[in-house]
Amino acid sequence: MVATDRSHDERERQVAAAAARYGETGDERRTLQRQQDAGVAFPDSEEALAARAARLLDRQAVPAAMVVEAVRADPLEATAAYERILGVSRDLQAWSFLPRGARAARTIARISVRENGRELPVGTGFLVSPNLLLTNHHVLPDTEAARQSFVEFDAQVTVDNTPQSPTRLELDPDGFFAADQRLDFALVRVAPGPDLRPAGETFGWNRLSAQKGKLVIGEPVNVIGHPMGRLKEIAVRDNMLQVRLDDFLHYKTDTEPGNSGSPVFNDQWEVVALHHSGVPRTDGQGRVLRRDGQVWQPGDGDDAIDWVSNEGVRISSILKHLAALPLSSRQQALLAEMGPESGLGVAEAAAVPVAAPAPAAAASPTAVENVTARAGLRARDGAFGGRRHLVFLHGRSQEGLVPEDLRRDWTAGLNQGLVRAGLPPVDPADVWFPYYGDRLVQALTAHEAVPHLVEAPTARAAEAVAPTAPTARAVYEEIIGEAATKWDMPHESRLATERIGMGDVVGALQKRLSWLAARSDLDAWAIALVFRDVAAYLDDQRIRDEVLGCVLETMPDSGEVVLVSHSLGTVVGLDLTTRLSPGVDLVHLTTAGSPLGLDSVYSRLLVGGPKRPDVVADWLNVWCPTDAVAIGCPLGDDWADGLSDLAVVNARDRAHKIVEYLAHPDVARSIGSHLGG
């Protein structure tokens, strides 16, 4: 039997099973409907409502200020307060709902099978780790079916409603394949593409969670997939959870057969279920009915069926099944990549900051300062005609790395964007790469008079990395406080009064940092480290002079410069404009993932911002709405004189990565258009 026939037969069995479960829950569904008709928006248990409200608040998934207003006016019992919180969540969506949805959509692929010389779409799948894709068992029933199939990411239309060129990748069931017929799921490894990167590093992936509180009855769900093999489509808003079973969910939404294997999302774009079947109306004998009430026949086609609901497999049930499988250590490692909330990772000891390795006598700042710092890289003679120069200016956390490797990585990211923009790629050897990573760490170590910290997670990131120098700490606290305010963190007294928020076990600084982490795609440790180094650079003139002097050692002293900067490098870059050689003409500046939108940052610049420096002829600022370092963006709200802002959607867990920023075609086009003279 060919693959499509097997898939069709198994799908019919799944439809019949879903219809039977739907019939068995008829009394429950009618009871819930009567409650909703009576005005109960979320007819679920108090335990479920409490878990859902707690998850929304802990993750700052609803505007806390709106929650406060919703619950403070009247004395409310717990259940009523939960319902008010859920009402805010359902009725009011932050602007980030749309870019987060766009980001989630990139993880979704169309699955097609090669059969008798043809390529036939059979379903949808979505990435749940850097390497693993989840779909239905009836789409990929076994390893042989997976070998015959391939996936296409970005099979969709552009914002101009023109078809986008998809990226085709092969499946690797020999690397990993697990499936279950009853739960109707298949989990398979996706082979890397020509660049040898895991698919998830390019398209992002969805973090599956076994925890409670992701959805209650009456809440809307959103489904993205490839119905009938068409280009990617989305069903949002007018859909809701109807019934929750032990292993399945029933919900109303518009889906078609090709949606098999689609993720079912809540409004925070967390996956709550794996869509696997429509639920048809049936008669007393269990026969499927058509829309006209007649018994459906196979020749009538799926469009004739009277679909009354949809069924998805609960993600928690799939994760429990995977946790019980006997797997090799390599397979377990692949599952562990799904993240800690999946429950499939190996428990790790709590990491703490440790001092960077140094010679035995190097505990003092002087010894650290004596370590030889790596030098930057000059471009080869004649690059871009010899008159124009492309310069990359990196951010923090580059110490101990090889400048040549960094230059290649930046160039690889830019070239991805240039190819997509239809522009010629760049040779890494044609790029200037000033490198100050080692010098920055040496200067910071001398500034703090303690060994530099190695990056490692900690529950107290704000305090663990806070500068010890009083003035630098004040700047650090000011930056974090302003960033939290810009991201709508309510006043702590209001949080305490209404008993929502982080609680009293952590300090105010950590609460603000945790707020930023929950609202973005960066963890608290990463945010704290960036802001710590920005604060130290802005506070201590010796650090600023050391970094700027190091950068100027590997900068052109004449000609036209295209400067591309990232993170802390954007702050350094603005200061650099005051010290460039008179023979340099800065024809274009790109700032990516920049904190320059914070008053606490731009007020301390050498250029005296916020005003575009006269030496900068053209300026593009690119930012991602889930990049907490760029919280002050767009810059155009504060900066004057012709600044252009561009918002992009970066892959999850790569919101602040420069390679991700440069790979966007609009960003690369802006840079590449200035390289031809």
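A: In this predicted model, the buried residues of helix H19 are Ile543, Arg544, Val547, Leu548, Cys550 and Val551. Viewed down the axis of H19, these buried residues fall within an arc of 160°, so they line one face of the helix. H19 itself comprises the twelve residues 541-552, and at 1.5 Å a residue it should span 16 Å; its end C-alpha atoms lie 16 Å apart, which agrees with that expectation. At the start of H19, a side-chain oxygen of aspartate 540 comes to within 2.8 Å of the backbone nitrogen of arginine 542.

Helix H15 can be described in the same terms. H15 covers residues 470-486, which makes 17 residues, and reaches 24 Å from its first C-alpha to its last, close to the 24 Å expected at 1.5 Å a residue. Its buried residues are Ala472, Val475, Tyr476, Ile479, Ile480, Gly481, Glu482, Ala483 and Ala484. Just after H15, aspartate 488 adopts a positive phi of about 65°.

Threonine 411, in helix H12 (residues 403-420), has a relative accessible area of 1%; because the limit for burial is under 20%, threonine 411 counts as buried. The side chain of threonine 411 reaches the backbone oxygen of arginine 407 at 2.7 Å. Leaving aside residues up to four places away in sequence, threonine 411 touches Phe392, Val426, Asp427, Pro428 and Val431. Glutamate 47, by contrast, belongs to helix H3 (residues 46-58) and, at 57% relative accessibility, is exposed. The C-alpha atom of glutamate 47 is separated by 9.1 Å from that of threonine 79, 32 residues apart along the chain.

The strands supply a further part of the picture. An open sheet of seven strands is arranged in the order E5-E4-E1-E2-E3-E7-E6, with antiparallel pairing. Its edge strands are E5 (167-170) and E6, each of which pairs on one side only. Neighbouring strands of this sheet are turned against each other by 30° on average, direction ignored. Within the sheet, strand E2 (residues 118-127) runs antiparallel to strand E3 (residues 132-135), and two bridges join them. Phenylalanine 126 has leucine 134 in E3 as its bridge partner.

E6 and E7 form a hairpin with four residues between them, and in the turn aspartate 184 has a positive phi of about 50°. Helix H9 (residues 315-323) lies across E3, E6 and E7, and runs at about 60° to E7.

For the chain as a whole, the secondary structure amounts to 23 helices and 20 strands. Of its 677 residues, 56% count as buried. Among contacts between residues at least 6 apart in sequence, 75% join residues at least 24 apart.

Note on methods:
Residues numbered from 1 in each chain as written. Predicted model: local features only at pLDDT ≥ 70, side-chain atom pairs only at ≥ 80, totals over all residues. Heavy atoms only, no water. Buried < 20%, exposed > 50% of the residue type's maximum accessible area, 1.4 Å probe, protein only. Polar contact = N/O pair within 3.5 Å; in protein donor to acceptor, adjacent residues only side chain to side chain. Contact = heavy atoms within 4.5 Å. Pairing = 2+ DSSP bridges. Axes fitted to C-alpha atoms, helices over the stretch in contact; angles between N-to-C directions. Expected span 1.5 Å × (residues − 1). Arc of directions from axis to C-beta.
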